Amino acid sequence: MQLTNRQLFILSYLLNHRKRISGEHLASQAGISVRTLQSEIQKINIQLQNGVSIDASGKQGYLVCGVTQPIREELLAQVWDRQSLFMPEERVNDILTILLFARDYTSMESLANTLFLSKASVFRTIESNLALRSAVTVSRTKGLIIDLPEYDKRQLLTKVFDKDSQNPIAQSLRLDYAQLDKLLRVALKNLFASHRYYVSGEALRSFRRYLIITILRSKQGYPLEQIDHALPISSLMQDITTAVRTIIGITFSSSELQDCQAKLNNLCTFLRDVPDHRMDWLDRWRPHYDRFVSEIYLSYGIKLDMDPEDQRRFLLHVNKLYRRVIFGQHDSNYHKREINRSYPLAVHLVILAFEKCFGFSVPETEVSYLAMYLAMSLRRHFKRIDCIIVTAKHPSVAWPMKQWMEEHFSR
């Protein structure tokens with residue numbers, strides 16, 4: 001079948017319902033008008049074979065006719081094969097969202113019916129996706145569950161929850177999410193500005209999203225386990241808490257306050273109009289930075305010369321990284337592989353010299369973030385390097401490689 005993504009959704013929705021579905025309901029689920037739905041139904045019927053068709057009976061709605069159970073399973077399998085080309089990420093996110101909001105085990109059949117898919121489609125999606133296999137616990141007798149602490153569930157929801165998704169969980173929370181987003185958008189922007197805590201728009205959106213997920217989970221009765229990072233609660237976080245209590249009527253628990261403060265500390269900030277009393281980390285980390293620069297030069301003959309402003313940004317990142325490390329946190333890095341491929345020398349320098357000079361180890365996911373600062377400095381102050389050899393082999397083996405390189409690359 002040569003069906004569009006929208007047509008696939010309409011067909012799978014009808015195949016998973018034994019009763020007629022009204023045109024208004026089906027159109028709203030597909031996010032289209034009734035007239036567009038009628039046109040799409042006609043196009044789907046042209047593609048269907050073996051006496052199967054979508055019957056439209058006036059106000060009674062739509063129903064797939066002439067389909068037996070084997071044909072139904074076969075059609076759903078074809079739909080899954082075609083849909084997997086278009087929306088594997090959306091389906092994975094929908095499965096995770098539904099299970100994250102489930103209070104107990106969810107049967108495979110119930111999950112399939114909720115997503116308007118066959119059980120085989122759901123099973124194959126879980127089996128073929130690493131994120132699902134690692135997060136979802138499968139029991140043959142009980143069903144599916146995400147057996148993670150509430151803290152990890154909230155972290156995961158900020159990545160997978162899509163308020164515009166067609167799955168019922170997202171639809172039921174769409175209005176609440178939109179209202180919270182509207183209320184917090186202006187309030188957070190004003191609070192960050194009044195405290196001179198300047199962050200990028202993306203960082204502010206990320207924090208607002210986490211705050212909304214925290215509020216939604218709290219309102220639905222998912223308590224956060226006891227958390228005590230021993231973090232000092234900043235005046236900005238206290239004002240945010242007051243604003244949430246005043247505007248929304250929600251009071252954060254002590255654990256949620258610590259959790260949100262940790263998120264606030266991790267935001268990428270701009271060094272603009274920062275008072276001197278909030279720059280004490282500069283004096284703390286500058287000797288380590290000098291040792292780091294010296295180590296790179298003495299060991300590898302590379303002079304790392306950051307501009308003063310770039311140096312302050314780098315040390316601010318180091319300070320935030322240190323705070324994350326001592327509290328057992330780390331940021332995800334979806335561009336790690338690309339950074340490592342693009343800047344192998346900078347990554348190598350961080351791995352070899354950073355821990356020795358700064359006194360703490362860097363999580364593997366965050367090495368490439370530090371490497372980006374070095375790479376930008378190297379790019380400005382050095383000529384283009386044609387080739388680099390990084391090897392653990394014996395010098396007698398590496399020497400012929402070096403000679404060959406010198407013959408073919410004069411620099």
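Leaving aside neighbours within four places in sequence, which residues is T241 in contact with? They are F252 and L257. This is a predicted model, so treat what follows as a reading of that model. The protein has 19 helices and four strands, and buried residues make up 44% of its 411 residues.

**The overall picture**

- Take the contacts in the protein with a separation of 6 or more: 75% of them join residues 24 or more positions apart.
- If you're wondering about disulfides, the structure holds zero.
- Two cysteines to look at are C65 and C357: C65 counts as partly exposed at 27% relative accessibility, while C357 counts as buried at 2%.

- T241 sits in helix α12, which covers residues 235-247.
- With a relative accessible area of 10%, T241 is buried, because anything under 20% counts as buried.

**Where α6 meets α7**

- Helix α6 takes in residues 108-115 and helix α7 residues 119-128; their axes come within 8 Å and cross at roughly 100°.
- That angle falls between 65 and 115 degrees, so α6 and α7 are roughly perpendicular to each other.
- On the α6 side, the residues involved are M108, E109, L111 and A112, and they meet K119, V122 and F123 of α7.
- Sort the residues of this contact by type and you get five nonpolar, two charged and no polar.

**I41 in helix α3**

- I41 belongs to helix α3, residues 34-47.
- Its relative accessible area is 5%, so I41 is buried.
- Setting aside neighbours within four places in sequence, I41 is in contact with I10, L14, I54 and Y62.
- I41 and S53 are twelve residues apart along the chain, and their C-alpha atoms are separated by 9.3 Å.

- N265 has its place in helix α13 (residues 254-266).
- The relative accessible area of N265 is 14%, so this residue is buried.
- Beyond its neighbours within four places in sequence, N265 is in contact with Y197, L231, K320 and R323.
- K320 turns up again with W281: the two are 39 residues apart in sequence, and 9.7 Å apart in space from C-alpha to C-alpha.
- W281 itself lies in helix α14, residues 280-300.
- W281 counts as buried, with a relative accessibility of 8%.

**R196 and its backbone angle**

- Look for R196 in the loop between α10 (168-194) and α11 (201-219).
- What is the phi of R196 near? The value is near 55°, which is positive, in a residue other than glycine.
- For background, most residues other than glycine have a negative phi.
- R196 counts as partly exposed, at 36% relative accessibility.

Notes
Residues numbered from 1 in each chain as written. Predicted model: local features only at pLDDT ≥ 70, side-chain atom pairs only at ≥ 80, totals over all residues. Heavy atoms only, no water. Axes fitted to C-alpha atoms, helices over the stretch in contact; angles between N-to-C directions. Helix = DSSP H or I, 4+ residues; strand = E, 2+ residues; numbered from the N terminus. Parallel < 35°, antiparallel > 145°, perpendicular 65-115°, else oblique. Contact = heavy atoms within 4.5 Å. Nonpolar A, V, L, I, M, F, W, Y, C, P; charged D, E, K, R; others polar. Buried < 20%, exposed > 50% of the residue type's maximum accessible area, 1.4 Å probe, protein only. Disulfide = S-S within 2.5 Å.
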